[in-house]
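Open the model in your viewer and follow the stops below.

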Amino acid sequence: MPVSRSSSGLRRQLDVAVVGGGVLGLAATDALLRRGVDVHCFEGRPPGSGQSGGLTRSFRHRHDDEELVALAAESLRGWRDWERRCGRRLIGPEGAAYLGMVAPDAAGLRRHGIEHRWVRPAEQDSVFGALAPVDGPLLSDPTAGAIRARRTIDVLAGWVRDRIIPAHVHAVSVPGDGDGVELQTADAIYRARSVLVCAGTATPRLVAGVGLDLPLSCALHVRPHFRVRDGGDGEPLPCWVDRSGQFGETVYGSPIGRTGRYVVGLIGEGVDVPYPDAALPPGTAMEAYVRRVSDYVRAALPGLDPEPVGVRVCVMSKLPAGSDALGVWHTAGVGAVVGHNLFKMAPALGELLADTALGGAVPARLRRLTDRALGVAAAPVRVAG
Ligand SMILES: Cc1cc2nc3c(=O)[nH]c(=O)nc-3n(C[C@H](O)[C@H](O)[C@H](O)COP(=O)(O)OP(=O)(O)OC[C@H]3O[C@@H](n4cnc5c(N)ncnc54)[C@H](O)[C@@H]3O)c2cc1C
């Protein structure tokens with residue numbers, strides 16, 4: 001590992017450092033390495049231990065903000081490049097289906113030339129065989145699919161393996177002499193010319209040391225999974241977004257690859273916590289969330305057994321504008337990214353974060369998204385049509 005040491009051995013010099021080896025930190029490290037940059041990634045636990053943990057995530061194109069639609073389309077091209085490089089499938093062929101959408105909700109898909117179609121209730125089995133009869137059309141996004149999340153982390157970590165420094169970063173600061181950025185770990189102090197903080201829910205705490213105040217809130221979210229009644233041998237089930245409320249809840253869903261299991265969660269719902277590993281407030285009944293999801297599955301998804309076969313409690317992070325908002329900041333040699341639902345964006349965001357670290361500024365499109373994430377630039381971009 002080409003880390004130059006000072007004579008004391010305590011201080012070490014780096015060029016570019018990434019803090020955090022979740023999907024975004026690994027993607028940014030890989031993007032920088034491919035540009036010939038001397039980059040190192042600090043990760044205190046096994047890569048992908050934070051919000052990037054688990055087996056599946058949905059890749060979908062549809063977002064309320066059209067710039068996110070464009071970013072998703074760019075990301076899909078990046079996913080295909082990653083698949084070519086590793087020779088493995090990282091996003092399955094399942095597609096995505098949405099219920100409760102109206103014509104303007106597909107404006108971004110139209111504008112960015114993303115394949116999609118409206119499916120009448122009489123034909124709904126052609127896109128989602130496990131679904132009970134619904135009122136209203138489904139919007140089908142056939143090039144979406146279920147991300148193989150763990151495989152993605154393994155592939156990315158493999159690509160950057162000799163650049164990972166297995167250390168927890170305790171603090172990020174600008175030293176008194178103003179020369180670079182200082183990173184404190186348990187066994188050494190590093191100086192880097194440029195630092196990208198991709199530490200998930202730990203990012204706000206780390207970058208507070210350079211004067212950034214990121215308004216990220218955290219909640220614990222319950223995600224039960226269910227057995228597909230046909231064992232998953234039939235047509236693959238699509239990723240799912242139901243905003244209609246027809247079955248009493250708004251939910252998302254995703255197949256877990258070809259395991260015959262399907263994850264369902266309540267959109268945006270969780271128990272607020274002041275920081276990620278805080279104790280749950282006394283009296284919190286996480287089971288109540290599982291029951292609500294089971295009731296939804298019983299009513300809306302007869303192709304699944306409504307008794308959950310497993311559950312995962314995970315940390316959900318959010319900026320003021322809500323579930324799909326993302327923010328990127330840069331000051332004094334330090335870049336930082338936070339948001340939610342960013343797994344699918346990793347290939348495109350990895351490149352844009354590399355641009356941020358090398359250019360010393362946040363690219364304009366990310367600045368616009370950040371402003372909207374904070375509610376600064378009022379409404380999200382949405383074109384009526
Ligand atoms: C329930 C749930 C459902 C989701 N569904 C979807 C979905 O369908 N589609 C989608 O695209 N996204 C989804 N997401 C969001 C997505 O998983 C996250 O946005 C994404 O994984 C964030 O990646 P990250 O690299 O920014 O952060 P993380 O994955 O949290 O990675 C941060 C890493 O930094 C490390 N770290 C932290 N502090 C330090 C430190 N001080 N020093 C060194 N290392 C440190 C951690 O160990 C961790 O490995 C979902 C998330 C949850 C919780």
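Which side chain does a polar contact join to that of D30? Select R85: a polar contact of 2.9 Å joins the two side chains, D30 and R85. A polar contact is a pair of N or O atoms within 3.5 Å; within protein, one must be able to donate a hydrogen and the other to accept it, and residues adjacent in sequence count only if both atoms are side-chain atoms.

This is a predicted model: local features need pLDDT of at least 70, side-chain atom pairs count only at pLDDT 80 or more, and totals for chains, interfaces and linings use all residues. Residues are numbered from 1 along each chain as its sequence is written, and side-chain values use heavy atoms, with hydrogens and water left out.

**Stay on D30.** Colour helix α1, residues 23-34; D30 sits in it. Helices here are DSSP runs of H or I, at least four residues, and strands are runs of E, at least two. D30 has 2% relative accessibility, so it counts as buried (under 20% relative accessible area, 1.4 Å probe, protein chains only).

Contact means heavy atoms within 4.5 Å.

**Zoom out.** Show the cartoon: the protein has 8 helices and 20 strands. Draw a box along the principal axes; the C-alpha atoms fill roughly 75 × 45 × 40 Å. Buried residues make up 53% of the 385. Of the contacts with a separation of 6 or more, 71% link residues 24 or more positions apart.

Terms used: Buried < 20%, exposed > 50% of the residue type's maximum accessible area, 1.4 Å probe, protein only.
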